[in-house]
Amino acid sequence: MSLLERLGRQPEEPEQPKPAVTERPEPAILHEPRGPLKPELQPIKARMHSELVALSAATGELGGRGEVRARIASLAEAHLRASGLAVTRRDLDILVESLLDDVLGLGPLEALLADPDITEIMINHPNQIYVERRGRLQVSDVVFDSERQLKLVIDRVVSSVGRRVDESSPMCDARLADGSRVNVIIPPLALRGACMSIRKFSKEKLAATDLVRFRSCTDAMLRFLGASVRARLNIVVSGGTSSGKTTLLNVLSGFILPTERIVTIEDAAELRLMQEHVITMEARPPNIEGTGEVPIRALLRNSLRMRPDRIIVGECRGGEALDMLQAMNTGHEGSMSTVHANTAADAISRLETMVMMAGAELPVRAIQKQIGSSVDLIVQAQRLRGGARRIVSITELTGIERDEVGHQELFTYRQVGVSPEGAAYGYHTATGKVPVHLDQLVASGEDLPLSLFEPAPQPPPEDMY
């Protein structure tokens with residue numbers, strides 16, 4: 001009787017001795033970080049994997065997770081009996097769980113994806129995986145068995161969203177079923193082997209009050225931001241990589257009234273808005289023949305025909321910035337987007353550069369006027385030393401002043417020092433400047449007292465964060 005047949009039912013054969021297993025306490029293996037598979041078990045795993053693939057192709061499915069695990073365990077015992085290898089109970093469990101994750105999930109990444117403390121997974125090559133846990137980078141004990149296993153995982157991820165990655169198209173953005181963002185780059189561009197980065201998103205949506213609870217901002221800042229969203233000010237969230245821009249955009253969108261129609265446009269869908277009346281659109285890359293691309297600019301222009309009350313562009317990276325600014329200035333007030341920049345002033349300069357990328361050949365003065373009349377607020381997010389993410393600045397644009405876009409900072413985070421553990425600490429405060437949009441906010445029904453914008457005294461060290 002073949003091994004494939006044994007997968008379907010128990011073999012009718014004389015009882016044989018089971019593989020020698022050193023008894024140890026049964027570990028909790030499922031979806032917990034585990035060590036690499038021993039080299040002598042790699043050929044067995046490869047053969048088992050091939051047989052499971054053949055069985056899946058023949059039957060169309062393998063069953064639920066519990067059923068598949070039982071089949072894999074039975075198959076592992078058969079292979080180990082045939083090989084005569086003596087293994088520990090933990091090694092046997094690692095073999096079974098490793099193959100189970102390969103068949104039904106993302107291989108060794110399943111353990112990392114299940115860890116709620118991990119926010120980012122960075123695979124430099126099959127034998128080196130870094131993770132960000134509670135804001136700090138560290139090397140993970142988890143590794144891939146081989147380059148082939150990593151490529152199988154990559155193929156599974158990108159194919160699930162209808163995309164591809166190969167030598168002719170060696171870079172790709174994708175997402176997992178839970179919304180986590182994935183970036184892949186493979187040889188020949190990646191010289192040491194395939195690389196993959198996964199930005200995980202919390203299963204629980206952050207509420208606005210969580211920003212205050214985590215000390216990302218103060219109650220006064222949150223109150224002002226909520227009023228600005230409800231009063232339909234146009235907002236750009238700025239920040240560096242991993243500074244929390246998308247999370248902040250999600251939170252700000254929570255202030256939008258449920259009666260408004262929202263259209264979101266992204267390269268890879270990440271936003272998870274709380275409202276029901278939301279249209280979500282995602283750009284499409286070229287197909288294998290190099291055709292069929294639908295860029296953000298095309299989606300943005302199309303969205304104007306969909307009667308949106310607000311448009312949210314996940315991130316402006318190029319010429320779509322011009323279309324976004326025009327939408328903000330032509331009846332779609334209260335729209336939002338994000339840009340990569342280190343300060344509010346840098347965000348303005350980057351917007352100018354991206355508008356030039358649109359190919360409209362506008363003079364700089366016209367571009368500046370467009371930005372000054374379209375964008376009302378720039379909210380700057382930053383990942384500080386030690387891993388804490390803060391809103392470090394809320395800046396208001398005030399129009400054109402002395403041949404440049406005028407702006408004033410309303411709230412700021414003042415870093416005072418660095419703790420012995422290497423974490424930055426400081427405090428939030430208003431700058432004392434009154435918003436030029438205050439009349440618009442009040443006219444919209446928002447009650448914002450002037451005391452909200454009074455500077456706070458520097459608190460004692462024990463109250464800093």
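Select Glu 396 together with Val 436 in this predicted model, and you will find the backbone nitrogen of Val 436 at 2.9 Å from a polar atom of the Glu 396 side chain. Glu 396 is buried yet takes part in no salt bridge, and the nearest side chain of opposite charge, that of Lys 433, is 9.3 Å away. If you display the surroundings of Glu 396, leaving out residues up to four places away in sequence, the residues it touches include Asp 376, Leu 377, His 407, Gln 408 and Pro 435.

Next, colour strand S15, residues 389-401, in which Glu 396 lies. Strand S14 (residues 377-383) runs antiparallel to S15 and is joined to S15 by 7 bridges; within S15, Thr 395 is the bridge partner of Ile 378. Widen the view to the open sheet, where 9 strands follow the order S11-S10-S12-S13-S9-S14-S15-S16-S17 with mixed pairing. Its edge strands are S11 (278-282) and S17 (424-430), each of which pairs on one side only. Across S15 and strand S16 (404-418) you will see helix H13, residues 364-374, running at about 120 degrees to S15.

Asp 403 counts as exposed at 59% relative accessibility, whereas Arg 365, at 47%, counts as partly exposed.

Now select Arg 297 and Asp 323, whose side chains meet in a salt bridge at 2.6 Å, N to O. Because Arg 297 lies in helix H10 (residues 296-303) and Asp 323 in helix H11 (residues 320-328), the pair ties together parts that are 26 residues apart in sequence. Asp 323 is buried, with a relative accessible area of 9%, while Arg 297 is partly exposed at 22%.

For the last stop, go to Lys 245 in helix H9, residues 245-253. Like Glu 396, which is buried without a salt bridge, Lys 245 is buried yet has no salt bridge, the nearest side chain of opposite charge being Glu 315 at 5.8 Å. What does the side chain of Lys 245 reach at 2.9 Å? Show the backbone oxygen of Gly 240, and you will have the atom in question. Beyond its neighbours within four places in sequence, Lys 245 is in contact with residues including Val 237, Ser 238, Thr 338 and His 340.

Notes
Residues are numbered from 1 along each chain as its sequence is written. This is a predicted model: local features need pLDDT of at least 70, side-chain atom pairs count only at pLDDT 80 or more; totals for chains, interfaces and linings use all residues. Side-chain values use heavy atoms; hydrogens and water are left out. Helices (H or I, at least four residues) and strands (E, at least two) are DSSP runs, numbered from the N terminus. Buried means under 20% relative accessible area, exposed over 50%, partly exposed in between (1.4 Å probe, protein chains only). Lys and Arg count as positive and Asp and Glu as negative; His and the chain ends are not counted. A salt bridge is a side-chain nitrogen of Lys or Arg within 4 Å of a carboxyl oxygen of Asp or Glu. A polar contact is a pair of N or O atoms within 3.5 Å; within protein, one must be able to donate a hydrogen and the other to accept it, and residues adjacent in sequence count only if both atoms are side-chain atoms. Contact means heavy atoms within 4.5 Å. Two strands pair if DSSP finds at least two bridges between them. Axes are lines fitted to C-alpha atoms, for helices over the stretch in contact, and angles run from 0 to 180 degrees between N-to-C directions.
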